[in-house]
There are 2 protein chains.
Amino acid sequence: MIQTRDIQHFEHLLDKHHLKKTAPRLRVLSMMSSRSTATSQPDLESLMQDIDRVTLYRILNAFEEKGIIHKVFDLNGTANYALCSSKCDEHDHHDEHLHFNCIQCKNVYCLNDMNLPAISLPAGFEPQGFTVYANGLCPKCSKKAVDK
Amino acid sequence: MIQTRDIQHFEHLLDKHHLKKTAPRLRVLSMMSSRSTATSQPDLESLMQDIDRVTLYRILNAFEEKGIIHKVFDLNGTANYALCSSKCDEHDHHDEHLHFNCIQCKNVYCLNDMNLPAISLPAGFEPQGFTVYANGLCPKCSKKAVDK
DNA sequence: CAAGTTATTGCAACATTATTGCATTTAAAA
DNA sequence: TTTTAAATGCAATAATGTTGCAATAACTTG
């Protein structure tokens with residue numbers, strides 16, 4: 001459930017990034033924060049049918065640009081969006097966390113607090129960031145598999 | 001340059017997966033093997049304009065299903081395709097290698113022979129595979145940056 | 001707090017990509 | 001060679017990404 005302090009947090013977030021506090025934007029933020037997994041653009045669209053498709057598209061773009069949300073691609077290449085951890089901002093947008101794609105329920109989990117081991121690359125490559133995708137069964141689905 | 005033994009290899013590959021040896025399929029295989037980086041669907045399309053778009057689409061799907069190629073998403077979420085290492089097959093399709101997205105030239109490199117460090121997940125998650133994406137500058141582009 | 005300014009929205013239109021059905025063609029098998 | 005099963009190419013449609021523009025809503029300033 002969305003609390004008053006969440007609303008205030010969202011408004012602050014928009015303020016911080018010089019984005020106007022509009023109804024569609026606040027609704028997108030509260031929708032995303034109410035979900036434990038990343039949400040695809042089509043899903044967001046059907047969850048908030050009264051927001052225009054193009055508006056949603058632009059809101060997501062603006063949020064991503066500002067470092068408020070990040071984009072994750074699932075196993076089908078569909079873009080999924082999730083709120084960034086509070087540490088991200090426009091200039092230091094690090095989504096170096098781990099993404100988990102469940103092959104059963106298709107949900108995308110952002111496992112923010114995992115620290116990744118160092119990864120070495122061949123000579124010449126100069127990495128600026130890493131993203132790790134794991135696929136398999138999420139806790140819910142692996143539990144179901146055992147229960148059967 | 002494509003050698004006779006490559007053609008034979010491709011034909012064998014199709015045979016092995018019970019796919020008919022057709023001209024478009026062989027052309028797609030030789031095109032992909034001639035490129036050091038993964039190739040996007042739009043690029044493949046313009047490289048082989050006389051192959052129908054739908055045919056290309058279906059060829060790529062069939063190849064991926066059989067474990068002949070794998071799909072990599074670049075920073076824009078566009079699918080890029082590359083030949084799998086010879087060890088992949090239908091039942092053991094492990095593309096647990098490292099993908100490198102160059103932010104300059106946009107090329108996608110498949111760094112097959114890197115072994116990834118073990119990655120641990122929260123309790124309940126049962127991973128079946130990992131894919132690591134690094135983004136940054138590839139050897140060519142980082143060299144150019146220094147030269148300037 | 002009213003008026004002006006600017007960002008944002010929603011609509012229409014268009015571009016690109018993904019996907020399906022079907023008739024025709026081609027490769028492999030008999 | 002004939003048969004048959006798969007693959008191709010075309011047409012059509014669906015889904016998604018993107019732009020321009022007029023109307024609207026949010027912020028700013030006097």
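## How the chains meet

Contact here means heavy atoms within 4.5 Å. By that rule, 35 residues of chain B touch 35 residues of chain A. Keep in mind that this is a predicted model.

The size of an interface is often given as the accessible area lost when the parts come together. For chain B and chain A that comes to about 2700 Å², with carbon and sulfur atoms giving 69%. Three residues stand out on the chain B side: B:Phe73, B:Phe125 and B:Glu126 supply 18% of the area that chain B buries against chain A, more than any other three residues.

## What the interface is made of

Look for salt bridges between chain B and chain A and the rule finds zero. Polar contacts are another story: 10 residue pairs make them across this interface, both partners at pLDDT 80 or more.

Which elements of chain B give two or more residues to the side that touches chain A? They are β4 (98–102), β5 (108–111), β6 (126–137) and α5 (139–147) of chain B. Of these, β6(B) gives the most, with 12 residues. Sorted by class, the side of chain B that touches chain A has 23 nonpolar, 10 polar and two charged residues.

## Strand against strand

Strand β6 also crosses the chain boundary. Residues 126–137 of chain A, its β6, pair with β6(B) in the antiparallel sense, over 11 bridges.

## Symmetry

How are the two copies related? Superposing chain B on chain A takes a rotation of 179 degrees with 0.0 Å of shift along its axis, at an RMSD of 0.1 Å. That is the relation of a two-fold axis.

The interface tells a matching story. The copies meet through the same surface, because 100% of the interface residues of chain B are also interface residues in chain A.

## Salt bridges

Side chains of opposite charge can pair when their charged atoms come close. Over all chains, the count comes to four salt bridges. Take A:Asp50 and A:Arg27, which form a salt bridge with their closest N and O atoms 3.1 Å apart. This pair links distant parts of the chain, with the two residues 23 residues apart. A:Asp50 is in the loop between α3 (41–47) and α4 (53–66) of chain A, while A:Arg27 belongs to helix α2 (residues 23–33) of chain A.

Conventions: Residues numbered from 1 in each chain as written. Chains lettered and ligands numbered in written order. Predicted model: local features only at pLDDT ≥ 70, side-chain atom pairs only at ≥ 80, totals over all residues. Heavy atoms only, no water. Buried area = accessible area lost by both parts, 1.4 Å probe. Salt bridge = Lys/Arg side-chain N within 4 Å of Asp/Glu carboxyl O. Polar contact = N/O pair within 3.5 Å; in protein donor to acceptor, adjacent residues only side chain to side chain. Helix = DSSP H or I, 4+ residues; strand = E, 2+ residues; numbered from the N terminus. Nonpolar A, V, L, I, M, F, W, Y, C, P; charged D, E, K, R; others polar. Pairing = 2+ DSSP bridges. Least-squares fit on C-alpha atoms with pLDDT ≥ 70 in both.
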